[in-house]
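Hi,

Here is the structure I promised to pass on to you. Have a look at it first, and then read on for my notes.

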Amino acid sequence: MKSAAWVLVLTLGLLPSLAPAFPLVAKDTPNDGGARISLSWTPPPKPPAEWIVYRAEPGKPFAPVDTVSGELTAFTDDHAVRNGTPYQYRLIPLPDDAALRSDVSSAATAQASWFDTGKLNVFIVTAIFLALVLYYIRQAERGKAWNFRPIAGLTAIEEAIGRSTEMGKGVLYIPGVQDIDDIQTIASMIILGNVARMTAKYDTPLNVPTPSPAVYTVADEVVKGGYSDVGRVDAYRSDMVRYITTEQFAYVAAVNGIMLRERPAANLLLGAFFAESLLLAETGHEIGAIQIAGTANVHQLPFFVVACDYTLIGEEYYAASAYLSKDARLLGSLKASDTIKIFLVITIALGCLLLTIGQRGLAEFFATQ
Amino acid sequence: MKREVPLIISMAAGIFVLIGFFVPHPLVRTGYDKIQQWVIVVVAFTYVLGMANLMKLNLDQIQRRAKDWPYKIALVVACLATMAVGFQNGSHYLDDGTGFTWIYNTFYSAMSSTMFSLLAFFIASAAFRAFRVRTVEALLLAIAAFILMLGRVPIGSLIHPVLPQAADWLMEVPQNAAKRGILMGAALGVMATGFRIILGIERTYGSEGGS
């Protein structure tokens with residue numbers, strides 16, 4: 001400590017000042033991958049225009065690392081900070097004023113965290129949910145069966161495909177406009193697998209225009225697999241799934257063109273949709289196709305509700321795969337969803353009650369921002 | 001094997017990404033970031049497949065003189081011309097004044113805006129259907145929309161000062177409550193879908209694939 005103090009005096013050219021300094025707190029930034037130290041301070045009544053942040057490591061003099069606004073009360077140092085090395089800090093005002101210099105902080109050492117405690121609430125809910133999923137899957141494997149409310153939109157998918165078959169027309173499957181890294185597109189691909197099995201079984205033409213080459217690649221495999229699963233690989237054609245474009249409105253123009261030229265009997269709009277939702281759904285309505293839409297994008301739901309015959313809202317969309325496949329284990333995961341929903345409703349009600357009587361603990365624990 | 005290998009890869013990647021969400025340590029985070037980079041590389045390769053599919057289908061239709069085949073010529077020519085100009089501009093193809101930017105601004109932006117502008121007409125026709133009062137729910141929807149629209153235009157406050165407040169209340173209370181309910185349900189659906197894939201019970205996407 002003595003040498004550090006001398007180093008400070010020599011490098012900054014300062015004499016020990018009798019002016020009251022203010023404390024500077026330095027500590028490892030929590031919940032990160034290391035290499036960062038957080039500084040905080042209570043500024044003097046009249047702070048300077050800027051602070052120069054000085055840093056020293058053992059055996060080395062203080063050196064400036066950054067200049068920050070005088071109005072700030074916190075700073076995170078991520079300038080070449082090494083994990084495991086203790087650093088001391090000091091704030092020097094700019095322009096310099098001995099009365100405004102901070103104390104030398106105690107040594108702080110950066111280290112990487114193995115768990116982000118800020119996500120503890122998410123971890124707890126995820127862990128409970130996972131435990132419930134595993135429990136209900138086990139129950140399903142032992143033969144336990146549950147009754148779920150029928151979802152009209154899902155029942156209608158098979159009817160729509162049947163209607164297309166009777167009319168001798170095709171089914172147009174639109175998987176949204178997002179790429180394959182979007183969970184809604186992944187869910188859409190899973191539903192597409194079930195739809196492909198149905199169209200293969202009924203020998204109904206299927207057309208899947210895709211908005212990205214990655215979605216095209218996956219959709220093609222999924223459709224091929226669906227036809228193979230029901231022993232109709234001979235009915236699969238390579239032009240069933242086609243890549244259109246990644247550009248949003250060019251995709252809409254192409255798909256609307258397909259609708260108007262080929263006039264499919266059923267349009268399935270299942271995926272992530274944005275401004276193009278109504279452009280697609282209204283065109284489908286104009287050609288008289290039975291339309292089933294599903295998305296988790298809340299702002300597009302009203303458009304689908306108005307323009308489509310059936311709309312899968314939010315969680316119904318994600319439940320579609322389990323409903324359509326009727327696989328007991330997948331239905332077990334739906335039971336887990338319902339159970340965690342009850343848990344969340346009780347937690348919300350309890351949180352409201354506690355907030356009303358002035359207890360903020362539960363609400364703050366579940367806050368994610 | 002054709003079914004098992006993709007399932008194992010999906011499960012492993014899913015578990016790793018889930019762990020990476022909670023663990024910021026560089027040992028995990030580096031791998032997490034690497035997976036994201038692999039995704040970019042894989043997606044880049046799919047563009048080759050996508051372009052091959054686009055060309056194959058359209059050239060095939062042109063060759064067969066299928067219905068509307070002249071439009072396919074326009075598509076293929078436009079696609080190849082844009083690519084050629086883009087390659088000629090090199091890595092600065094997005095800079096101002098390049099041929100690629102000119103094509104984008106002159107043709108694509110104009111046509112894209114035209115498509116988007118059609119939304120106004122589609123909204124009008126959809127709203128007309130939505131506000132035909134046939135059920136109690138449709139009546140409630142029509143009343144709410146009427147209050148909201150009047151409350152959000154200057155004449156609303158002139159008709160009655162309560163209208164803007166009523167519009168705000170509709171948006172902040174019943175609309176927000178319904179929206180949050182849907183979002184929470186969807187979030188649980190996302191988690192359930194993720195678990196089904198990670199646990200390997202969702203196999204719809206991993207069929208034998210034509211074997």
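Let me begin in chain B, where Arg65(B) sits in the loop that links helix 2 (26–64) with helix 3 (69–89). Please keep in mind throughout that this is a predicted model. Is Arg65(B) buried or exposed? With 8 other C-beta atoms within 10 Å, Arg65(B) is exposed, because 12 or fewer such neighbours put a residue in that class.

Further along chain B you will come to helix 7, which runs over residues 162–198 and so has 37 residues. From its first C-alpha to its last, helix 7 of chain B reaches 52 Å, close to the 54 Å expected at 1.5 Å a residue. Where is the kink in helix 7 of chain B centred? Look at Asn176(B): the kink there is about 40 degrees. After helix 7 of chain B comes Gly200(B), with a positive phi near 80 degrees.

Now to chain A, which contains 11 helices and 13 strands. Its radius of gyration is 31 Å, well over the 21 Å that the globule rule gives for 369 residues, so chain A is more spread out than a compact globule. The C-alpha trace of chain A spans about 95 × 45 × 40 Å along its principal axes. As for burial, 46% of the 369 residues of chain A count as buried. If you take the contacts in chain A between residues at least 6 apart in sequence, 68% of them join residues at least 24 apart.

Two loops in chain A are also worth a visit. One lies between strand 1 (24–28) and strand 2 (37–41) of chain A, and Asn31(A) is found there.

Which peptide bond is cis? The one leading from Leu94(A) to Pro95(A), where omega is near 0 degrees.

Enjoy looking around, and do write back with your thoughts.

Best wishes

Conventions. Residues numbered from 1 in each chain as written. Chains lettered and ligands numbered in written order. Predicted model: local features only at pLDDT ≥ 70, side-chain atom pairs only at ≥ 80, totals over all residues. Helix = DSSP H or I, 4+ residues; strand = E, 2+ residues; numbered from the N terminus. Rg over C-alpha atoms; globule rule 2.2 N^0.38 Å. Buried ≥ 20, exposed ≤ 12 C-beta atoms within 10 Å, placed from the backbone. Contact = placed C-beta atoms within 7 Å. Expected span 1.5 Å × (residues − 1). Bend = angle between axes of the 7 residues up to and from the residue.
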